[in-house]
Amino acid sequence: MRSYRELLSDEPAWPEIAAAAQACGRASVLPRDETAARSCLETLQVTTRSPLGALAYETGGLLIDSGWLRLFGCGHPKLHRALGRWNEMLGIPLAEFLLIADDVVGGAFAINGGALGAPLGNVFYFSPDTLAWEDTKLGHTAFVHWALEGDLATYYENMRWPGWQAEIAQVGGEHVLSLWPPPWTREGKDISKVSRRPVPALEQWRLQQDIAAQIGPPNRG
């Protein structure tokens with residue numbers, strides 16, 4: 001195990017990410033806690049030259065599009081679920097996949113360590129409307145740039161409704177929206193007509209994984 005000092009790079013990725021976050025106009029950078037940042041970096045055992053290490057060490061997390069998309073960092077009062085810690089809470093070994101982000105409608109992003117099939121190292125998305133892991137065909141670096149600069153409106157066009165910005169502003173970083181009827185049912189496809197209420201992210205994760213195991217492809221959780 002390398003100490004955090006050994007994981008600090010002379011060529012950190014953070015300045016480039018910070019510049020992109022500022023330029024995009026849709027990202028809020030949560031400040032880090034120094035002790036938590038050191039611990040998070042040592043848990044992941046990646047250097048700050050990588051975007052993953054940079055997010056772990058330099059941020060408490062990123063809130064994007066009014067908090068629709070949440071990229072994990074070392075943790076913050078607005079987003080307690082730190083890189084590595086969220087895996088631990090769910091009992092998922094880091095070697096299987098590393099949860100790196102989620103969204104307010106219950107989707108989750110993870111770096112595939114092998115448990116999600118091929119290819120290794122790609123970011124996969126657990127989609128709440130299919131209850132399956134889907135390959136984004138992006139590595140982590142590309143995923144971070146997509147989150148900051150990509151077309152989120154098109155990606156989420158079937159999961160957004162009129163006035164979503166004001167509604168999700170009331171949803172904290174430890175909660176997601178429970179949708180009823182759920183989006184994986186025929187009745188729940190029109191997101192503007194379903195019931196939406198905040199529930200703990202942990203509760204929604206377990207519910208979705210349980211349902212996926214019963215009716216769809218096997219999912220780890």
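This is a predicted model: local features need pLDDT of at least 70, side-chain atom pairs count only at pLDDT 80 or more; totals for chains, interfaces and linings use all residues.
Figure 1. Helix α3 itself spans residues 34–44, and its buried residues are A36, A37, C40, L41 and L44. These residues lie on the same side of α3 because they cover an arc of only 130° around the axis. An α-helix has 3.6 residues a turn, so residues three or four places apart point the same way.

Figure 2. At the N-terminal end, α3 is capped by D33. A side-chain oxygen of D33 lies 3.2 Å from the backbone nitrogen of T35. After α3 comes Q45, a residue with a positive phi, near 60°.

**Figure 3. The largest pocket and its lining.** Rolling a probe the size of a water molecule over the atoms shows where empty space is left. The largest pocket of the model has a volume of about 180 Å³. Its lining consists of Y125, S127, P128, D129, E134, D135, T136, Y155, Y156, E157, N158 and M159. By class, five residues of this lining are nonpolar, three are polar and four are charged.

**Figure 4. Strands that contribute to the lining of the largest pocket.** Strands β6 (123–127) and β7 (132–138) each supply at least two residues of the lining of the largest pocket. The largest share, three residues, comes from β7. Among the lining residues are also Y155, Y156, E157, N158 and M159.

Methods: Residues are numbered from 1 along each chain as its sequence is written. Side-chain values use heavy atoms; hydrogens and water are left out. On a 1 Å grid over the protein atoms alone, a cavity is a set of points where a 1.4 Å probe fits but cannot get out, and a pocket is an open set with protein on both sides within 12 Å along at least five of seven lines; lining residues have an atom within 4 Å of a point. Grid points are joined across faces, edges and corners, and a volume is the space filled by probe spheres set on the points. Helices (H or I, at least four residues) and strands (E, at least two) are DSSP runs, numbered from the N terminus. Ala, Val, Leu, Ile, Met, Phe, Trp, Tyr, Cys and Pro count as nonpolar, Asp, Glu, Lys and Arg as charged, and the others, Gly among them, as polar. Buried means under 20% relative accessible area, exposed over 50%, partly exposed in between (1.4 Å probe, protein chains only). The arc is that of the directions from the helix axis to the C-beta atoms. A polar contact is a pair of N or O atoms within 3.5 Å; within protein, one must be able to donate a hydrogen and the other to accept it, and residues adjacent in sequence count only if both atoms are side-chain atoms.
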